[in-house]
Amino acid sequence: MEKKPFITKEQAQQMMEKYPTPFHIYDEKGIRENARKLKQAFAWNKGFKEYFAVKATPNPSILKILKEEGCGTDCSSYAELLMSEKCGFQHPNIMFSSNDTPESEFQYAKELGAIINLDDITHIDALEKACGIPETICCRFNPGGKFSISTTIMDNPGDAKYGMTREQIKEAFLRLKQLGAKEFGIHSFLASNTVSNEYYPTLAKILFRLAVELKEETGVHIGFINLSGGVGVPYTPDKEPNDILVIGEGVHKAFDEILVPAGMGDVKIFTELGRFMLAPYGHLVTKAIHEKHIYKEYIGVDACAVNLMRPAMYGAYHHITVLGKEQEPCDHTYDVTGSLCENNDKFAIDRPLPKIEMGDILVIHDTGAHGFAMGYNYNGKLKSAELLLREDGSVVEIRRAETVDDYFATLDGYWNVID
Ligand SMILES: *Cc1c(COP(=O)(O)O)cnc(C)c1O
């Protein structure tokens with residue numbers, strides 16, 4: 001599918017009069033339409049809820065939009081819980097899917113009435129000691145081995161640090177029941193960024209069968225099944241995007257085949273999507289500031305891996321559009337680089353693009369999730385602003401750019417000594 005930016009060159013130029021590049025911009029209209037489609041896809045399930053994975057785009061303005069669309073939040077740290085609380089999320093609209101969890105975070109999650117999702121059987125004692133066992137509790141399952149869809153290996157849960165084994169989850173349910181838990185959930189996350197309408201339905205079958213077995217073995221009431229994240233987006237233009245309506249129907253079919261005959265038709269389906277909710281609705285906007293001709297052709301831009309880490313960290317592909325040159329032939333081959341003293345600070349390698357002039361504005365696509373959020377401060381680089389393109393076409397700044405004062409803020413007394 002052709003990748004079109006959601007902003008034009010003229011819009012970008014207008015924004016740049018007020019907000020210097022680089023910046024991230026999010027598309028409110030796209031976010032809302034997509035969230036509504038997800039809701040529609042699971043409308044057959046009365047208790048359905050999407051708990052947006054805050055880590056993907058931890059910005060209160062984004063959380064508020066998703067809240068208006070009926071979403072909750074999925075958190076895995078103190079700061080994410082705090083942000084959810086400040087944005088007005090309350091029980092039962094916060095999920096706490098953490099791992100390696102500090103005691104204080106269990107306490108805070110319980111205080112907020114977040115649904116606690118236990119990553120390990122030993123966390124039962126940790127939770128009991130920290131704050132006691134709540135009535136509603138969820139356990140994370142790891143089936144081990146390899147996870148395949150038909151003949152394709154999707155991921156390797158046996159190597160993943162998350163979740164409990166089959167034996168442990170049964171034991172965990174029995175123990176939690178003994179300690180007073182009444183409402184149980186099952187959670188599992190088996191493959192990341194799947195571009196396949198089969199991922200959720202395949203996962204759902206595994207978890208639905210498990211739910212039926214666990215109900216028989218332990219006698220607990222299973223109230224919900226959390227399919228977690230992992231529904232992906234096509235970063236490359238050659239891939240077809242997931243069809244969430246087809247995915248929802250696939251889960252529906254498995255639900256009718258497995259849960260309904262077992263008398264479990266009241267089970268609520270939860271999701272914890274991050275990437276699918278936001279990635280396509282964010283752009284990193286950056287300007288070409290240098291060109292370099294050595295053994296290869298380089299374009300240096302004013303963004304760097306600090307603003308978007310995925311290419312440097314995973315070798316991830318992010319599509320690039322040169323604004324105003326959408327129709328021009330891609331007859332030049334460039335490495336598009338940032339300024340870090342790190343050779344992997346490249347947004348694109350050997351990428352066919354139109355001829356780039358200094359000052360050209362580049363849109364880096366699909367940065368709405370795990371983009372700004374993964375930012376860091378290497379080389380003393382500062383984090384960019386985040387902007388929101390409202391539905392009425394106006395632009396608001398939803399996070400200002402960092403300043404050097406922010407960068408030095410944690411040095412307190414030490415800084416005065418140097419003075
Ligand atoms: C990261 C994460 C998600 C979201 O994953 P996406 O791939 O962005 O959909 C959901 N749940 C948990 C527990 C996670 O760690």
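How many salt bridges does a search of the whole structure find? The search finds 20, a salt bridge being a side-chain nitrogen of Lys or Arg within 4 Å of a carboxyl oxygen of Asp or Glu. The model is predicted, so that local features need pLDDT of at least 70 and side-chain atom pairs count only at pLDDT 80 or more, whereas totals for chains, interfaces and linings use all residues. Residues are numbered from 1 along each chain as its sequence is written, and side-chain values use heavy atoms, with hydrogens and water left out.

Arginine 32 takes part in a salt bridge with glutamate 68 (2.6 Å, N to O) and in another with glutamate 391 (3.6 Å, N to O). Glutamate 391 lies in the loop between β18 (385-389) and β19 (395-399) and arginine 32 in helix α2, so this pair ties together parts 359 residues apart in sequence. Helices (H or I, at least four residues) and strands (E, at least two) are DSSP runs, numbered from the N terminus. Arginine 32 is buried, at 7% relative accessible area, while glutamate 68 is exposed at 57%; buried means under 20%, exposed over 50%, and partly exposed in between (1.4 Å probe, protein chains only).

The largest nonpolar core comprises 85 residues, defined as buried Ala, Val, Leu, Ile, Met, Phe, Trp, Tyr and Cys residues joined through side-chain atoms within 4.5 Å. Helix α8 (residues 199-218) gives the most to this core, with 10 residues. Domain 1 (42-273) and domain 2 (280-410) both contribute, so the core lies between them; the domain bounds come from an automatic or database domain assignment.
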